[in-house]
Amino acid sequence: MIIQSIELNNFRNYESLDISLDKGVNIFYGNNAQGKTNILDAVYVGCTSKSHRLSKDREMIKFDCNESHIRLKLLKRDVPYKIDMHLKKNNSKGIAINGMPIRRSSELFGIANVVIFSPEDLNIIKDGPSERRRFIDLELCQLNKIYVHNIISYTKVVNQKNKLLKEYEYRKDAADLIDIYNLQLIQYGTEVINIRADFIDKLNEYIKKIHSEITGGTENINLIYSSNTNVSDFEENLKRYRQQEIRSGMSLVGPHRDDIDFIINNINVRHYGSQGQQRTAVLSLKLSEIKMVEEIIGERPLLLLDDVLSELDRKRQNQLLNSINGGQTLITCTGLDDFVDNRFHIDKVFKVSNGSVTGEN
């Protein structure tokens with residue numbers, strides 16, 4: 001799958017942009033705060049309907065504008081696609097695929113498969129559990145339609161239950177409604193837990209080998225899916241924590257509170273690992289993600305590297321660059337020295353300056 005062209009209107013700092021990409025390695029370079037990351041984020045939004053960095057559509061719209069457009073032309077297994085996304089400041093986004101509007105953003109998933117690696121990802125281990133759940137959800141939503149249905153349904157029920165828990169003492173029907181919500185949480189949550197657990201098991205097959213190669217065989221890594229509740233105990237735990245949920249006004253049991261543990265040489269890296277170990281673990285995680293997605297979909301996913309080379313030492317830069325072979329890659333950076341020093345092959349170069357993009361030889 002390759003992105004043939006990107007067209008933006010009033011997206012972040014771009015009033016208008018229309019560029020064609022090479023099917024290989026595309027470099028966007030320039031000083032900081034010029035708009036390089038915005039291009040990669042636009043591609044990610046166009047492929048997944050969600051920003052890698054921002055939580056609200058209005059944050060992606062150019063200042064003093066009420067709407068924005070992202071238009072991508074793709075080619076997947078020789079089949080052309082045109083994605084047109086209309087972001088609105090005060091309304092839900094509109095999405096059309098090949099000129100046909102779609103009702104739900106989830107219908108976009110699966111057309112394009114994207115793996116992004118940014119400096120923020122280096123905090124996957126350091127930050128709280130929500131970041132690690134987000135990592136799982138963003139990838140599984142691209143790969144598994146069943147997961148999309150279940151995580152959307154589950155999240156909706158959790159939000160409804162939380163609202164009810166906050167109003168519990170004022171609602172005569174609260175107890176009966178909680179029972180109904182709990183049955184739905186078990187139904188959708190069980191699927192979420194099982195699919196996530198399978199995903200982590202599969203990821204472990206790749207990350208163990210990759211991490212061992214990066215560390216010269218000195219470290220063994222293992223990802224452990226830390227579920228808030230076992231599937232077999234889901235119903236019992238909901239009953240056990242019922243009064244505590246009522247007192248706290250929030251749902252305390254279910255996969256919305258799950259986590260991933262990164263264990264290196266039998267030590268939890270989040271709590272006891274060095275900064276170097278944490279960064280190496282995340283690099284291994286992203287390289288494993290690329291390999292796993294490629295095997296599942298049968299082709300190389302689109303790879304977005306957002307200024308991540310500046311966060312890695314020379315050894316890890318080489319390991320990341322050496323992993324880029326085949327498929328389309330979009331890279332942002334402040335300069336080209338790292339690529340020249342590594343004799344890295346570049347297919348197309350763009351200079352980005354204050355929201356203006358020019359192609360260079």
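**View 1. The end of helix 1 and the residue after it.** S49 comes directly after helix 1 and has a positive phi, near 75 degrees. Helices (H or I, at least four residues) and strands (E, at least two) are DSSP runs, numbered from the N terminus. Helix 1 comprises 13 residues, 36-48. From its first C-alpha to its last it reaches 19 Å, close to the 18 Å expected at 1.5 Å a residue; the expected span of a helix is 1.5 Å times one less than its number of residues. The structure is a predicted model, in which local features need pLDDT of at least 70, side-chain atom pairs count only at pLDDT 80 or more, and totals for chains, interfaces and linings use all residues. Residues are numbered from 1 along each chain as its sequence is written, and side-chain values use heavy atoms, with hydrogens and water left out.

**View 2. The covering of helix 1.** Buried means under 20% relative accessible area, exposed over 50%, and partly exposed in between (1.4 Å probe, protein chains only). Among the buried residues are I39, L40, V43, Y44 and V45. Helix 1 lies across strand 1 (2-11), strand 2, strand 4 and strand 5 (79-88), and runs at about 110 degrees to strand 1. Axes are lines fitted to C-alpha atoms, for helices over the stretch in contact, and angles run from 0 to 180 degrees between N-to-C directions.

View 3. Six strands form an open sheet in the order 2-1-4-5-6-7, with antiparallel pairing. Strand 2 (14-20) and strand 7 (100-101) stand at the edges with a single partner strand each, so one side of each has no neighbour in the sheet. Two strands pair if DSSP finds at least two bridges between them. Strand 6 (residues 94-97) is joined to strand 7 by 2 bridges, and the two run antiparallel. A96 has P101, in strand 7, as its bridge partner.

**View 4. The surroundings of H69.** H69 belongs to strand 4 (residues 67-76). Its relative accessible area is 16%, and H69 is therefore buried. Leaving aside neighbours within four places in sequence, H69 is in contact with E7, L8, N9, D84, M85 and H86. Contact means heavy atoms within 4.5 Å.

**View 5. K208 in helix 4.** K208 is located in helix 4 (residues 174-214). With a relative accessible area of 39%, K208 is partly exposed. Not counting residues up to four places away in sequence, K208 touches I221 and N222. K208 and A112 are 96 residues apart along the chain, and their C-alpha atoms are separated by 27 Å.
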